[in-house]
Amino acid sequence: FDTATASAAAERRVFFLLGAIVEDVLPPGLHGGQLICAQVELGVLDSLIASRLRKLHAHLCAPKAFPTALTCHIFAAEWFLGCFAGVLPAETTCRVIDTLVSEGAKVLHRFSLAVLSDLEHTLLSCKDASSALAALRAGTAAMHDREALVRRAFNGRVCWKLSGAQLEAMRAKHKLGPAAATYLNFTPTDVEMAVRVGAAPP
């Protein structure tokens with residue numbers, strides 16, 4: 001009985017923690033409607049990759065190497081929607097969520113840039129979208145050094161001087177720009193399938 005009671009209490013705490021993260025920490029509407037807010041966040045991430053990881057961004061979007069451009073809308077949707085759960089090892093995901101609760105939603109962009117920075121050399125050697133997606137999955141699954149990832153996210157060259165105010169300005173730009181309009185007809189199923197199979201969104 002004591003074990004069952006303790007388990008139920010733990011599940012209750014996890015449920016309310018999840019609710020607090022979704023309602024109070026993550027950007028409003030990230031999981032709602034047709035995932036328009038998620039597309040705005042991914043548009044912001046794409047702009048950050050283009051400005052801070054220029055060589056990688058150019059490589060993933062190069063038509064000769066990648067007939068279908070491998071944009072972050074394809075590979076990073078699950079990073080934002082699931083806060084890296086099921087992407088990074090469990091112990092590393094817990095550290096990401098700790099930081100998320102403490103610092104706010106901007107850390108999702110910081111950790112995304114840190115992950116891509118760490119895997120940049122491997123991704124630059126990939127010749128097609130399938131191999132790049134496989135490298136991303138294998139690379140993120142092997143990131144067991146959570147403190148090293150946190151250091152890269154907050155002190156790494158790619159993540160330096162990334163403030164909440166900057167992100168808000170970029171969000172406003174993307175809400176008025178092509179990102180929201182381009183993905184206006186996305187449904188959760190479309191996003192999920194794009195992430196799973198590495199196909200271009202419809």
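Please keep in mind that the model is predicted.

Let's start in the middle. As a general point, nonpolar side chains in soluble globular proteins tend to be buried together. Here, the largest nonpolar core has 50 residues. Those with the most contacts inside it are Phe-75, Trp-79, Phe-84, Phe-111, Leu-113, Leu-116 and Leu-123. Several helices contribute at least two residues each, among them H2 (36–52), H3 (54–60) and H8 (129–141). Which helix gives the most to this core? That is H7, with 9 residues.

Now find Trp-79 on the screen. Setting aside neighbours within four places in sequence, Trp-79 touches Phe-84, Val-87, Leu-108, Ser-112, Val-115, Leu-116, Leu-136 and Thr-140. Trp-79 also belongs to an aromatic cluster, together with Phe-75 and Phe-84.

Next, look at helix H9, residues 146–155. Ala-148, Leu-149, Val-150 and Ala-153 are buried there. What covers them? The cover includes helix H6 (90–103) and helix H7 (106–124).

Finally, back to the rings. The count comes to 4 aromatic pairs. One of these is Phe-15 with Phe-16, an edge-to-face pair, 5.3 Å centre to centre with 80° between the planes. Is Phe-15 buried or exposed? Phe-15 counts as exposed, because its relative accessibility is 56%, and the cut-off for exposed is over 50%. Phe-16 has a relative accessible area of 48%, so Phe-16 is partly exposed.

Definitions and conventions
Residues are numbered from 1 along each chain as its sequence is written. This is a predicted model: local features need pLDDT of at least 70, side-chain atom pairs count only at pLDDT 80 or more; totals for chains, interfaces and linings use all residues. Side-chain values use heavy atoms; hydrogens and water are left out. Buried means under 20% relative accessible area, exposed over 50%, partly exposed in between (1.4 Å probe, protein chains only). Helices (H or I, at least four residues) and strands (E, at least two) are DSSP runs, numbered from the N terminus. Contact means heavy atoms within 4.5 Å. A nonpolar core is a set of buried Ala, Val, Leu, Ile, Met, Phe, Trp, Tyr and Cys residues joined through side-chain atoms within 4.5 Å. Rings of Phe, Tyr and Trp (its six-membered ring) pair if their centres lie within 6.5 Å; planes under 30 degrees apart count as stacked, over 60 as edge-to-face and the rest as tilted.
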